[in-house]
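Here's a quick briefing on one protein model, going topic by topic. Have a look at the structure, then read on.

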Amino acid sequence: MSNINTNEQIIAFKSAIDRSKKIVGFTGAGISTESGIPDYRSKGGIWDKFQPVYFEEFVSDEKKRILYWQRKQELWDDLSNASTNKGHMFFKHLYDEGKLVGLITQNIDGLHEKSGLPKDIIVNLHGTNLEVVCLDCGFTISSEKVFDNLDLKQGVPLCPKCEGLLKPNTISFGQQLRGEDLDKANNLALSCDLMIVVGSTLVVQPASSIPSIAKENGALLAIVTLSETPLDGYADFVFHLRVENFINLIQT
Ligand SMILES: [Zn+2]
């Protein structure tokens, strides 16, 4: 993309934002890399280096449960130190202007919550690391409380209510996405007039079909990612830029 075209596109995109009343954000790993959160699924990421622990193994094998919690503990150290960046604040500003009605994310890092967006407009498609959930009774606790007192030499943590297995409230390999979250995401896609995708390569199904639903239903579609996506030819705006560079351009 040449600079002249980029500038024209930026002006057109800004005016699309001005005209929109119901914007929905859709974010993936690329929005958080500038906060120091690695893309775990990419080459060299944690899932590339280690065998993943499948949900079935977590439920049935104590050793796998310990291994899973060890990795989550390392990840928690990264997450609790991570700050929001310009990408997260871009969506927070749209919310403050009364334009953002929902934010769908594939990320589990909780940075949209940290940016100040209200929890009830965020759809965490792959769950969240901010909470730990009991697999038996559904009781949820803040992750902070669990990780602050975590001693895996004593075994994995158990539910204070029913002694069931506790697990960070994220979707594991081999686990289905939650129906209610998919419903919420679909409804947002159907009701928005502009969907802005940031930092997702739109290849993981079924999450990647959500921007298509918005577009088919008459919304404008904008995509901001470093690499190409399967929906680029279909979108109204495509910016192959780092998130921070993109935000700098629209703020000038
Ligand atoms: Zn329980």
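The model has an open sheet of six parallel-paired strands, ordered E3-E2-E1-E7-E8-E9. Heads-up: this is a predicted model, where local features need pLDDT of at least 70, side-chain atom pairs count only at pLDDT 80 or more, and totals for chains, interfaces and linings use all residues. Residues are numbered from 1 along each chain as its sequence is written, and side-chain values use heavy atoms, with hydrogens and water left out.

**The sheet**

- Strands E3 (122-124) and E9 (237-239) sit at the edges with a single partner strand each, so one side of each has no neighbour in the sheet.
- On average, neighbouring strands here are turned by 15° against each other, direction ignored; the axes are lines fitted to C-alpha atoms.
- E8 (residues 220-224) runs parallel to E9 and is joined to it by three bridges, with Val224 opposite Phe239 in E9.
- On terms: strands are DSSP runs (E, at least two residues), as are helices (H or I, at least four), numbered from the N terminus, and two strands pair if DSSP finds at least two bridges between them.

**His126**

- UniProt, in an unreviewed entry, puts the feature "active site" at His126; such annotations may be inferred rather than shown by experiment.
- His126 sits in the loop between E3 and strand E4 (127-134).
- With a relative accessible area of 11%, His126 is buried (buried means under 20%, exposed over 50%, partly exposed in between, using a 1.4 Å probe and protein chains only).
- Beyond its neighbours within four places in sequence, His126 is in contact (heavy atoms within 4.5 Å) with residues including Thr105, Gln106 and Thr170.

**The zinc site**

- The SG atoms of Cys134, Cys137, Cys159 and Cys162 coordinate the zinc ion at 2.3 to 2.4 Å; donors are N, O and S atoms within 2.8 Å of the metal (3.2 Å for Na, K and Ca), and water is not among the atoms, so sites may look incomplete.
- Angles among the four donor atoms are 100 to 116°, making the site tetrahedral (all angles between 85 and 135 degrees).
- The ideal tetrahedral angle for four donors is 109.5 degrees.
- The donor residues follow the spacing C-x2-C-x21-C-x2-C.
- UniProt's unreviewed entry lists Cys134, Cys137, Cys159 and Cys162 under "binding site". They span 29 residues in sequence, yet no two of their C-alpha atoms are more than 8.6 Å apart, so they gather at one spot.
- Cys134 is buried at 3% relative accessible area, and Cys159 is buried at 3%, whereas Cys137 is partly exposed at 43%.

Notes
Axes fitted to C-alpha atoms, helices over the stretch in contact; angles between N-to-C directions. Tetrahedral: all angles 85-135°; square planar, octahedral: opposite > 155°, others 65-115°.
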